[in-house]
Amino acid sequence: MWIKVVSLLARLSLAAVWLVSGALKVADPAQTIIAVRAYQLLPEDLVRPVANTLPFFEIALGLLLLIGLAVRATASVSAVLLLVLIGVIVSVWSRGLSIDCGCFGGGGAADVNGWDYAREILRDVGFLALAVWLIVFPRSPFALGLRSRTTFSVTPQQTVAE
Amino acid sequence: MSSKNKYNPQPESSRSTYILGGLAVLVIAVLVIGGVIWQSNRSKPRNDGYGGVQNSEVQVALQADGVVLLGKPDAATTVDLFEDPMCPYCAELENKNGQELAQSIDDGKVAVRYHVLNFLDRLSASGDYSTRAVAASECVAETGDAVAYSAFHAALFSPANQPKENGSSDHTNEELAQIARDAGASDAAAQCITTGASVEQARAHAEAGRQALAASGATGTPAVVKDGTVIDALSNENWVSQL
């Protein structure tokens, strides 16, 4: 029972993370382009395509989680994306750059120190934990997908299984 | 079906779930693809391919207050544009509206008063890149070559040339002079940039520009001001055509 409740909370929380993060980036395309460029990882020709695509990818993940469709797959993709985002923050930190991660809007050069980067990484690890939970326990109430769905009621079979 | 389902029975797969799920996937796909296209269009250069100012009737002059005025003498309206050569948002504005603005200048619809500022000196590797770029802008403006000024201004803000904030390097005066030459500036302009002859006056002009920016009510760069009103140029991609 409590696993389903945690799964529901994890699903809705991770959905909110992606939707808010994506919407803030969509709202300010110039800032998003500057944020992506500031990482100094992509060639200039790829900066704009990535900046224009990533926010909508995040929103798609958020919507799928929100309606509870293909939760395990969406959580897996979320986990991969979070690992990439953690990786690029580590890369920026190790190269000694001082930038705003642009994680939830913002971006570009900023006065940040190791503690800021550590906090951002810790936050993303928290989100990663939500994604991993959903990979292991994808089923939750109020979900659309057949294999993402469950109810609060405890069926006799489950009692037997446990 | 896997054996797991024996212990974890699920609702029967139903036609309505597949229809709803398919619809949801379709809606999300349309939203994402449409969104990416919309976002790409919204931030891409407008009038791409036009380039810089090319009308020989357009004039450029360094005015007494350090402002560079670029436009036809009978331009219909005048806007003030505040920007720092280090400012990435100014580069985005130049990328998005620069060519469109050049065409409006050529057509005599608008003249631009460029206030080139230096408050981002502290974020440049050399510590005075913005000031030296302001000086370079003034060196080119003083030659009265509007086509070269427009091209040099665009080059300063291109991703290839603009130094990164907190970056490890920027451009020496010699490199700035070369960028100016590549933009078609005269030897006199290049000489002026290389020797740093305009740097001290540029510092004073940039400070005057900073005060004018503060007085305009704008909160940062880039700022476009028309008739005392700040125009939201970064969020409204149609601002040039609406002048």
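Helices here are DSSP runs of H or I with at least four residues, strands are E runs of at least two, and both are numbered from the N terminus. The expected span of a helix is 1.5 Å times one less than its number of residues. This is a predicted model, where local features need pLDDT of at least 70, side-chain atom pairs count only at pLDDT 80 or more, and totals for chains, interfaces and linings use all residues. Residues are numbered from 1 along each chain as its sequence is written, chains are lettered from A and ligands numbered from 1 in the order in which they are written, and side-chain values use heavy atoms, with hydrogens and water left out.

**Helix H8 of chain B**
- H8(B) covers residues 199-216, and its 18 residues should span 26 Å; the end C-alpha atoms sit 25 Å apart, which agrees.
- Its buried residues (under 20% relative accessible area, with exposed over 50% and partly exposed in between, using a 1.4 Å probe and protein chains only) include B:Val199, B:His205 and B:Leu213.
- Seen down the axis, the buried residues fall within an arc of 110 degrees (taken from the directions from the helix axis to the C-beta atoms), so they line one face of H8(B).
- Over on the other side, B:Glu200, B:Ala214 and B:Ala215 are exposed.
- Just after H8(B) comes B:Gly217, with a positive phi of about 90 degrees.

**Chain A**
- Chain A has six helices and two strands, in the order α-α-α-α-β-β-α-α.
- Of its 162 residues, 49% count as buried.
- A:Leu41 lies in the loop between helix H2 (29-38) and helix H3 (44-67) of chain A, and is partly exposed at 43% relative accessible area.
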